[in-house]
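Q: Please walk me through this protein, one feature at a time. I would like the general idea for each feature, followed by the case here.

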Amino acid sequence: MSAKFVEGFMYIYKKDIMTAMESLQGFEIIKDYDDETDVQGSVLAKWKGLIFFISFNDKLALNIKNESDDDDERIYRTTAYNFEVTFVLTGKDIKCDAASKYKIANYANMKTDLPAVFVYREDAEFFEISVKNPGVIRVKTEPHISAAVIRMILTGSIAVQELTNMIKSYSDSPEAFLKNCKGIGE
C-alpha cells in the first residue's frame, strides 16, 4: 500500500482508494477522468445500484508536506478534503424557477443532520450532493478504506432521499415550502 504518513496521520491517495474499492463485490468504475498531471482526478462509479462520482484531492498531501506559514496555504490545509463522494439529482423536471431551486438546496443544508452538502448548479440544471472526507484520516488497510468510502456512499444516498422528499414537499405545496424556508434563520 502506498499510503503515506503526514503529520502523524495516514494520507490516502487515489490509487489506494481505487485498489480498496475494486476488491469489493459489485463496485464498478464506469469512467475514470484522470487529469493531465496525474495528481488528482475523479471517477464515475457504481456500487449496489448507486451511481456517483468519487473526486480525489491528492494535491492536498503535497500542500501538507510543504508546511508553509502562508495564510492561504494554511487555510487550504485545514479546509480541503482528501476525497469526496458526489451524487447528482436532476432539477430539470422540477416546475419552478432557479431561485426556488436554490432555496430548496439551502433549506436542505439547514435541515439535514447528515455530513452532506447540497448545491444547486443552475448552469447544468442539477443538484449536487457531496460528502467530503477530511484531509487526513487514520486508516491503514484496504478494508478500512473501503468502509470509509462505503459510509460516504450510504450517507450520500440518504441525503439524495432527503432532498427528493424536500422536492416532493415543494411540488405538493410551493407556497408552504417557501414559507418554511423563510423561517430558517428566525
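**Reading the features**

Q: What does Lys-132 count as, going by its relative accessibility?
A: Relative accessible area sorts residues into buried (under 20%), exposed (over 50%) and partly exposed (in between), using a 1.4 Å probe and protein chains only. Lys-132 has 41% relative accessibility, so it counts as partly exposed. Do keep in mind that this is a predicted model, where local features need pLDDT of at least 70 and side-chain atom pairs count only at pLDDT 80 or more, while totals for chains, interfaces and linings use all residues. Residues are numbered from 1 along each chain as its sequence is written, and side-chain values use heavy atoms, leaving out hydrogens and water.

Q: Which residue's side chain meets Lys-132 in a salt bridge?
A: A salt bridge is a side-chain nitrogen of Lys or Arg within 4 Å of a carboxyl oxygen of Asp or Glu. Here the partner of Lys-132 is Glu-84, at 2.9 Å from N to O. This pair links distant parts of the chain, with Glu-84 in strand S6 (residues 81-90) and Lys-132 in strand S8 (residues 126-134), 48 residues apart. Such helices (H or I, at least four residues) and strands (E, at least two) are DSSP runs, numbered from the N terminus. Glu-84 counts as buried because its relative accessibility is 8%.

Q: How many salt bridges does the rule give?
A: The count comes to four. Among them is the one between Lys-14 and Asp-32, whose closest N and O atoms are 3.0 Å apart. Lys-14 sits in helix H1 (residues 14-22) and Asp-32 in strand S3, 18 residues apart. Lys-14 is buried at 10%, whereas Asp-32 is partly exposed at 42%. Another joins Lys-168 and Asp-172 (3.0 Å, N to O); both lie in helix H5, four residues apart, about one turn of the helix.

Q: Which strands does S4 pair with?
A: Two strands pair if DSSP finds at least two bridges between them. Six bridges join S4 to the antiparallel strand S5 (residues 50-56), where Leu-44 has Phe-53 as its bridge partner. S4 and S5 form a hairpin with two residues between them, and Lys-48 in the turn has a positive phi of about 50°. Six of the seven residues in S4 are buried.

Q: How is a pair of aromatic rings described?
A: You look at the distance of the centres and the angle of the planes. Rings of Phe, Tyr and Trp (its six-membered ring) pair if their centres lie within 6.5 Å; planes under 30 degrees apart are stacked, over 60 edge-to-face, and the rest tilted. That rule gives six pairs here. Tyr-33 and Phe-53 make a tilted one, with 6.3 Å between centres and 40° between planes. Tyr-33 lies in S3 and Phe-53 in S5, 20 residues apart. The centres of Tyr-102 and Tyr-120 are 5.2 Å apart and their planes are at 85°, so this pair is edge-to-face. Ring pairs link Tyr-102, Tyr-120 and Phe-127 into a cluster.

Q: Where do nonpolar side chains tend to be in soluble globular proteins?
A: They tend to be buried together. A nonpolar core is a set of buried Ala, Val, Leu, Ile, Met, Phe, Trp, Tyr and Cys residues joined through side-chain atoms within 4.5 Å. The largest one here has 40 residues, and Phe-52, Ile-54, Phe-127, Ile-129 and Leu-163 have the most contacts inside it. Helix H5 (residues 142-172) gives the most to this core, with 11 residues.
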